[in-house]
Amino acid sequence: MKDFVYHKADNLPEAVALNAAYPDYPPLAGGTDLIVQWRSGIRKLDGVVDISCVDELKRIYDEKKEIEIGACATHSDIIGNAAVKKHLPLLVQACMSIGATQIQNRGTIGGNIMNASPAGDALPVLLIYDAEMLLQNVKGERWVPVRDFFKSYRETALESGELLAKIRFPKRDFFDYRGAYYKIGTRRAQAISKVSMCVMASVSHGAIKDIMISLGSMAPVPVRARGTEALLKGKVIDDNLIHTAERSLADEFNPIDDVRSTAQYRSYVCGALIVKFLRESRIKK
Amino acid sequence: MTKVVKKVQLNGVEKMVEASPESRLLDVIRLELNLTGTKEGCGEGECGACSILINDTLINSCLVLFGQLNDGDKILTVEGLGDAKHLTSLQECFITEGGTQCGMCTPGMLIAAHALLIKNPKPTREEIAEALAGNLCRCTGYKKIIDSVEKAAKIMRGES
Ligand SMILES: Cc1cc2nc3c(=O)[nH]c(=O)nc-3n(C[C@H](O)[C@H](O)[C@H](O)COP(=O)(O)OP(=O)(O)OC[C@H]3O[C@@H](n4cnc5c(N)ncnc54)[C@H](O)[C@@H]3O)c2cc1C
Ligand code: FES
Ligand code: FES
């Protein structure tokens, strides 16, 4: 048997260099996906590049115009960060819905993104907040906006030799917006989503000035519901509109049947979630 | 297979530990260090039987590789709480309140509850349930585990 190769990076330049030098050995962050996949035999592993102890990758920066979150910041780091709480409350909610304490303490946002599961709970939030990913290799770095990042089922824009270093979120003024993050799973803790929805709307005098809806587990990648958004913008929220929104959202995507749920249930539930959100938005003026 | 050596604080005692970096911390604890209090239930992060603290942070030791430790890391396993002659209030209350039956989940429950009480000495029942959400028990039905933690917290605050 070949020896397992274990490279451990102590700092960011080392992480980038090791990652580029050993494309066959995946980065190991919190390991909550990678170790499970390896041990269960789903994924063959001959070695890793351990990036879990790289300080630069764990930091969260509260800049003037944006918030930057290191790829190895854990879900708990994010939940406990005051600037994130203030500017990206839906990200906090999403991270709080991931696993239980043990998983939140270990799992990272970068791992959630790079695992690129359609059910990754942080992913719909990235779409709503217009996140950008910083990808680094030995030659340099590039920023990729989230809309160009998730290519197809478990495929991202990350190229061999590149490392996800951080995620940048512009600080936008969501002062008059109401947001919600919904996750539907078999139980509250430790359950992988059947459907997740992130939605943010600005409603004034009963009319929707602006609305953004993103969904997890409804397509091979996390998606914005542009069709339903366009249908709702500028309209007054009444029973008729709520019904239209429900039908439109259920029809906009073709989810699949899998071990966690059925296509029919997924479509039904995401319709029900938008109904809930719009009803509550109507009450809240 | 090349082994590495880490200098850790194991249950308050400095120790040099040698193991393969790709070994699960759970296996190092049970097989190399012979601390068999930490249990393996699922081996995939679901059950919490393997819970330990690294630098006061609650984690599943089945999902940490030995190589991920740093020199100087503080590790707390159930053996670091109290021994049979000197039980902590938490351990005592699991006995008196019926918080343990077969015992498989108990070390993980104790460690998770300990982690909670370090940060929050006066948790509500909901907060206790939340803090133990990553720990499964097939026997007790959880109510008595929550009773145990609630009672222990009270004793530790000097209220009973
Ligand atoms: C019991 C349990 C419950 C869970 N519950 C949830 C849940 O509710 N919701 C949810 O979304 N997920 C859940 N997960 C999945 C997992 O915890 C999350 O996806 C987590 O965020 C993964 O992060 P990690 O740091 O552990 O990733 P790792 O396992 O370390 O890595 C995951 C993948 O990303 C790659 N990678 C990691 N970091 C980088 C980087 N910086 N650059 C390039 N590639 C990188 C790795 O090579 C690997 O392929 C659960 C897992 C378990 C075991
Ligand atoms: S054995 Fe580690 S969580 Fe079940
Ligand atoms: S006491 Fe048996 S599993 Fe909890």
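In chain B, β1 (4-10) and α1 (25-32) each supply at least two residues of the lining of the largest cavity, and α1(B) gives the most, with three residues. Helices (H or I, at least four residues) and strands (E, at least two) are DSSP runs, numbered from the N terminus. This is a predicted model, in which local features need pLDDT of at least 70 and side-chain atom pairs count only at pLDDT 80 or more, while totals for chains, interfaces and linings use all residues. Residues are numbered from 1 along each chain as its sequence is written, and side-chain values use heavy atoms, without hydrogens and water.

**Cavity**
- A search of the whole structure finds one cavity of 30 Å³ or more, a cavity being a set of points on a 1 Å grid over the protein atoms alone where a 1.4 Å probe fits but cannot get out.
- The largest cavity holds about 40 Å³ of space, a volume being the space filled by probe spheres set on grid points joined across faces, edges and corners.
- Its lining (residues with an atom within 4 Å of a point) includes B:Val8, B:Leu10, B:Phe66 and B:Ile75.

**Interface of chain A and chain B**
- In contact (heavy atoms within 4.5 Å) are 26 residues of chain A and 29 residues of chain B.
- The two chains bury about 2200 Å² between them, 54% of it on carbon and sulfur atoms; buried area is the accessible area (1.4 Å probe) lost on being put together, summed over both parts.
- In chain A, A:Tyr6, A:Gln102 and A:Arg106 lose the most area to chain B, together 26% of what that side buries.

Notes. Chains lettered and ligands numbered in written order. 1 Å grid on protein atoms, 1.4 Å probe; cavity = no way out; pocket = protein on both sides within 12 Å on 5 of 7 lines; lining within 4 Å.
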